[in-house]
Amino acid sequence: MPKSDGSDYNLPAQFLRVCKQRMRSVKVTDSMSGEMTGADLLLRTLVLRRLFLRHVLKPDERFVGVLLPPSNGAIMANMALSLSRRTAVNLNYTVTSEVMNACIKQAGIAHVITSRRVMSKLNLELDAEVVYLEDLKDKPTTGDKIAAAVGAYVLPSGVLAATLGLGKIHADDVATVIFTSGSTGTPKGVMLTYANVSSNVGAINEVIRLTEDDVLVGVLPFFHSFGYTVTMWSVMSLNIRGAYHFDPLSARAVGQLIEKTKGTMLLATPTFLRSYLRRCKPEDLKSLDVVVAGAEKLPVELCDAFEEKFGIRPVEGYGATELSPLVSVNLPASRAGDEHRREGTVGRPVPNVRAKIVSLETGEVLPTGEPGMLKITGPNVMKGYLGREDLTSKVLHEGWYETGDVALLDADGFIKITGRQSRFSKI
């Protein structure tokens, strides 16, 4: 199980373990293709890994693009690449061809994994070879199926991990590159390591106290760090279930998915929550036990209205792509009691993450209650910006990341954002 200090960093090996834990029970569901047990997911991912290695990937190919919305297909593509010891780069399908190709060029991406259904809805011309998942359906040989079945049903997870060479993965290896929104020019490629992502998953598990009965509802795109770390890797490396929908603003479909799968945990933005408030019925969301909002300020009036209609009060968290992304979160009373929540703040830092406030003029550490620049350190701090040591050195100083946000720390350690020098995240 991932730990909040990032020490148990081998996420692909964790994926094998949790699939085998849920061999006969549902592991993932999406609103297009339905349910898969742990055995189904592992078997199909092992087959896809073999197809990628034989038909797509070159021996020295490191970064591979993935252009898919949150879905079982996107999960399998990401997991198959991780089991191939490649770095999956989930590309932002809301940007222009020009911006996407700038990202492809930065990462030296030769192949982009996608589907014909997705590409038919996007007006994109890509400077890379496009690989359609549909075209691989007829490629598996009898040998592929037998090898995958042995891996999924016969070999213990530790033996399977060894046969796949997962022991060669190191804590500081780049697990993914997440490109920032590009609102300030060309997107920057944030390199997140296995230890970065694992520490965040471990921290989430520790503070939310997840159990095998939890169903995490994934509507955030995997090209966003919250979607990549929390809604994908938390499900893939912990013994919980995932339920995915490709469009976070399809409120009725999201509501139906939550009702059908008895979703217990939803991560969204206030914008998405407003949509669900308008268009979902109270019974759609009655199974939810945890609703966390981030990426924008969460207004009290939205919390009031959401609680009145659905019987659950959203809590606010804070993060940044460069921080894997989670820094702090208010904890819902159902999981931690009222003393771990303070409205108007973004919560306390998660385990092993530390915050300090420094003067905007002098850089000196400020006392409790005084606003200044928010800096963060911990195992969640990125490796750096891809190919941009100049930009990395501007925001990283002796292990502390300068967020660009003005904040204060209160006497109980809660962070309150009071202003922003630069936007920390955008969906």
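Predicted model: local features only at pLDDT ≥ 70, side-chain atom pairs only at ≥ 80, totals over all residues.
Let me begin with helix H6, which runs over residues 142–154. H6 has 13 residues, and from its first C-alpha to its last it reaches 17 Å, which is close to the 18 Å expected at 1.5 Å a residue. If you look at which of its residues are hidden, you will find that Asp144, Ala148, Gly151 and Ala152 are buried. Viewed down the axis of H6, the buried residues fall within an arc of 90°, and so they line one face of the helix. The cover over these buried residues includes helix H1, at 11–21, together with H2 and helix H7, at 157–163.

Turning to the other side of H6, the face directed away from the buried side carries the exposed residues Thr142, Ile146 and Val154. Isoleucine 146 counts as exposed because its relative accessibility is 52%. Ile146 also belongs to a nonpolar patch on the surface, which it forms with Val150, Tyr153 and Val154, and these residues together have about 390 Å² of accessible area.

Threonine 45 sits in helix H2, which spans residues 38–56, and with a relative accessibility of 0% it counts as buried. What does threonine 45 contact, once its neighbours within four places in sequence are left aside? The contacts of threonine 45 are Phe15, Met76, Met79, Ala80 and Leu83.

Next, I would like to take you to a loop. Proline 70 is found in the loop between strand E3, at 63–66, and helix H3, at 72–83. Is proline 70 buried or exposed? With a relative accessibility of 2%, proline 70 counts as buried. Not counting residues up to four places away in sequence, proline 70 touches Tyr93, the run of Gly218, Val219, Leu220, Pro221 and Phe222, and also Tyr244, His245 and Phe246. There is also a pairing in space to point out here, for proline 70 and threonine 231 are 161 residues apart in sequence, while their C-alpha atoms are 9.0 Å apart.

From there we move to helix H8, residues 194–208, where serine 199 is located. Of the 15 residues of H8, 14 are buried, so this helix is largely enclosed by the rest of the structure. Its end C-alpha atoms are 21 Å apart, which agrees with the 21 Å that its 15 residues should span at 1.5 Å a residue. Serine 199 itself is buried, with a relative accessible area of 2%, and, residues up to four places away in sequence not being counted, it touches Lys3, Ser4, Asp5 and Gly6 as well as Pro379 and Asn380. After H8 comes arginine 209, whose phi is positive, near 60°.

The last part of the talk concerns charged pairs. Side chains of opposite charge can pair when their charged atoms come close. In this model the count comes to 12 salt bridges, and I will describe three of them.

In one, aspartate 172 pairs with lysine 383, the closest N and O atoms being 3.5 Å apart. This pair links distant parts of the chain, 211 residues apart, with aspartate 172 in the loop between H7 and strand E7 and lysine 383 in the loop between strands E17 and E18. Aspartate 172 is partly exposed, with a relative accessible area of 47%, and lysine 383 is partly exposed as well, with 39%.

In another, the side chains of aspartate 289 and arginine 335 meet at 2.7 Å, N to O. Here aspartate 289 lies in the loop between helix H11 and strand E12, and arginine 335 in helix H13, 46 residues apart. Aspartate 289 is partly exposed at 27% relative accessibility, whereas arginine 335 is buried, with a relative accessible area of 13%.

Finally, glutamate 343 and arginine 313 form a salt bridge at 2.4 Å, N to O. Glutamate 343 is in the loop between H13 and strand E15, and arginine 313 is in the loop between helix H12 and strand E13, 30 residues apart. Glutamate 343 is partly exposed, at 39%, while arginine 313 counts as buried, at 14%. Through salt bridges that share partners, Arg313 and Glu343 are joined with Asp304 and Glu307 into one network.

Methods. Residues numbered from 1 in each chain as written. Heavy atoms only, no water. Patch = residues over 30% accessible without salt bridge, like charges linked within 9 Å, V, L, I, M, F, W, Y side chains within 5 Å. Areas by Shrake-Rupley, 256 points an atom, 1.4 Å probe, with all protein chains shown as cover. Salt bridge = Lys/Arg side-chain N within 4 Å of Asp/Glu carboxyl O. Helix = DSSP H or I, 4+ residues; strand = E, 2+ residues; numbered from the N terminus. Buried < 20%, exposed > 50% of the residue type's maximum accessible area, 1.4 Å probe, protein only. Contact = heavy atoms within 4.5 Å. Expected span 1.5 Å × (residues − 1). Arc of directions from axis to C-beta.
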